[in-house]
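Subject: Handing over a structure

Dear colleague,

I am passing on the structure below, together with some notes for someone who has not worked with it before. Please look it over first, and then read on.

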Amino acid sequence: MRLTYRSGGESHGKGMVAILEGLPKGLAIDTDAIDAQLARRQRGYGRSGRQQIERDRVEVLGGVRHGKTLEAPLVLFVANKDTSIESMPEPTRPRPGHADLSGCYRHGDRDIRANIERSSARETCARVAAGAVAQQLLAALGAEVLGHVVGIGDAFARDPSEEPGSAFAGLETFEHARAAIAASDFGVLDGAREPALRAAIDAAIRDKDSLGGVVEVVARGVPAGLGSFAQWDQRLDGRLAQALLSIPAFKSVEIGLGHVAAQRPGSRVHDEIGRDGTRLVRRSNAAGGIEGGVTNGQLLVVRGAKKPIATLRRRLASVDLATGDDAPAAFERSDVCAVPAAACIAEAMVALVLAGAALELYGGATMSQFVAAHDWHVREVARIDACGEAGGGTRGAVGPGPVSA
Ligand SMILES: Cc1cc2nc3c(=O)[nH]c(=O)nc-3n(C[C@H](O)[C@H](O)[C@H](O)COP(=O)(O)O)c2cc1C
């Protein structure tokens, strides 16, 4: 079973459509939970006025009956409030850092508006809606995904030398962490860090500038064994990297320790294996939960860095494509900082990748087949962990294994 996600729609068109194909029959779709994620994507200190006029709500257009999936394509729609695509201004001064000029090169014309309409991050509301459904699928396996902000500009919300995801390691559930992050205007777990982040954004607003930042996505309860090393494009770390780098303005991705691992000797990087009763345990999580492109049952930790917003009130130098004259870049309503929203989008993308990998491993035309295959696999993993002890030789004789990080 393969999970595919596509989207359609323009920033100032009628709205955004998300199509998810490959979901088993019988997944209950919670539209309130999708709307809660859409609301989170719109929040955050430093967003533009547009977020005040849009109140995103999902509408299910197909694939559901009596609130449950039909094993048909799931079609979701999020309406735009600003639908003025036909009368929007036609900019002629491309913004550095946006798709304005590169899109013109691609199409061989000067139609900047066409490039803005689809390269706009408005498209990410479709990802968040689809990702919320992926999270509902993962919940059936006891897995949870959560994105939060690590830093904005050079103001870090946590010590960058901390072990990846350490604030979340050992949590039985993300329930409280999720509520704290969703309530924060800065998307952080620790409210004590907010003043520094607020000051960074205020300074950017004063300077008519913009800011980027770093977000982290953690996932607990992810089954060990998702992903594959059989082909380059099946490695889960590579798939996560593409998913995150595809988010507008994301410029780098790290798994676990990421680039810090390159600076350390192997003895300070690789997570040693020990035993705790009938479980195999790790003494650290530098790998961020993936070895050889396959999940290892530890907390999954992925980080993405987002560059600053490309539309600046302090206009950057550009050229008017109509006249050939030097001219300041065009400005239209824009965020100063969208890092908290980016954490929510990154969460959605990780959920889509993990849900896809779980469907590949467990298959199933129905949710009960999908969950049964998972439960069988969990017992197999527990057998490996038991190392032949405690009835480990009999399939299913050992209780739940270390699948929940
Ligand atoms: C949540 C979010 C909101 C964004 N808001 C804006 C914005 O208001 N103005 C802007 O110029 N860019 C914004 N961006 C970034 C652009 O969409 C992005 O820079 C552009 O598509 C060019 O792609 P690239 O930066 O990956 O090269 C936003 C990105 C995200 C993830």
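In which sense do β5 and strand β6 pair, and over how many bridges? Before I answer, please keep in mind that this is a predicted model. In this model β5 and β6, the latter made up of residues 68-70, pair in the antiparallel sense, and two bridges join them. On the β6 side, K68 is the bridge partner of R65.

This pair belongs to an open sheet of three strands, which run in the order β3-β6-β5 with antiparallel pairing. The edges are formed by β3, covering 25-28, and by β5, covering 64-65, and each of these two strands pairs on one side only.

The side chain of S334 places an N or O atom 2.9 Å from a nitrogen atom of the ligand, while a backbone N or O atom of D335 is found 2.8 Å from a ligand oxygen atom. For S119, a polar backbone atom lies 3.0 Å from an oxygen atom of the ligand. Taken alone, the ligand exposes 630 Å², and 86% of that is buried by the protein.

Technical notes:
Residues are numbered from 1 along each chain as its sequence is written. This is a predicted model: local features need pLDDT of at least 70, side-chain atom pairs count only at pLDDT 80 or more; totals for chains, interfaces and linings use all residues. Side-chain values use heavy atoms; hydrogens and water are left out. A polar contact is a pair of N or O atoms within 3.5 Å; within protein, one must be able to donate a hydrogen and the other to accept it, and residues adjacent in sequence count only if both atoms are side-chain atoms. Accessible areas come from the Shrake-Rupley method with a 1.4 Å probe; for residues, only the protein chains shown count as cover. Two strands pair if DSSP finds at least two bridges between them. Helices (H or I, at least four residues) and strands (E, at least two) are DSSP runs, numbered from the N terminus.
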